[in-house]
Amino acid sequence: MASLYKKPVKVTNPKTGKTVTGKSKKWWGRYTDENGQEKRVPLATDKSAAQTMLNELVRKVERITAGLEDPFEKHQKRPLREHLS
């Protein structure tokens with residue numbers, strides 16, 4: 001099961017020196033990868049964009065688990081200059 005959350009952050013006020021606990025600006029995602037390990041990744045500051053990014057990660061994991069991994073995906077992300085050299 002995947003979930004979104006805001007990571008707790010401790011910030012020190014430079015004027016007073018006091019530490020204040022708050023939430024991060026970015027949304028973080030927690031999901032289980034194809035090896036069964038829990039992964040936590042920073043996503044986006046917008047909640048709906050972060051949810052979409054997390055859904056895409058979960059979809060990739062499910063496709064890999066089902067044996068439908070795209071063997072050319074890492075090559076498609078490389079710049080054309082690297083392919084030519």
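How many residues does helix α1 have, and how far does it reach from its first C-alpha to its last?

1. The model under discussion is predicted. Its helix α1 spans residues 47-65, which amounts to 19 residues. From first to last C-alpha it reaches 27 Å, close to the 27 Å expected at 1.5 Å a residue.

2. Which residues of α1 are buried? They are A50, L54 and V61. These residues lie on the same side of α1, because they cover an arc of only 35 degrees around the axis.

3. The opposite face of α1, turned away from the buried side, carries T52 and E62, which are exposed. After the helix comes G67, with a positive phi near 85 degrees.

4. The sheet is open and consists of three strands in the order β1-β2-β3, with antiparallel pairing. Its edge strands are β1 and β3 (38-42), each of which pairs on one side only. On average, neighbouring strands are turned by 40 degrees against each other, direction ignored.

5. Between β2 and β3, which run antiparallel, there are five bridges. As regards individual partners, W28 has P42 in β3 as its bridge partner.

6. How is the helix placed relative to the sheet, and at what angle to β2 does it run? Helix α1 lies across β1, β2 and β3, and runs at about 35 degrees to β2. The cover over the buried residues of α1 includes β1 (3-12) and β2 (19-32).

How values were computed
Residues are numbered from 1 along each chain as its sequence is written. This is a predicted model: local features need pLDDT of at least 70, side-chain atom pairs count only at pLDDT 80 or more; totals for chains, interfaces and linings use all residues. Side-chain values use heavy atoms; hydrogens and water are left out. Helices (H or I, at least four residues) and strands (E, at least two) are DSSP runs, numbered from the N terminus. The expected span of a helix is 1.5 Å times one less than its number of residues. Buried means under 20% relative accessible area, exposed over 50%, partly exposed in between (1.4 Å probe, protein chains only). The arc is that of the directions from the helix axis to the C-beta atoms. Contact means heavy atoms within 4.5 Å. Two strands pair if DSSP finds at least two bridges between them. Axes are lines fitted to C-alpha atoms, for helices over the stretch in contact, and angles run from 0 to 180 degrees between N-to-C directions.
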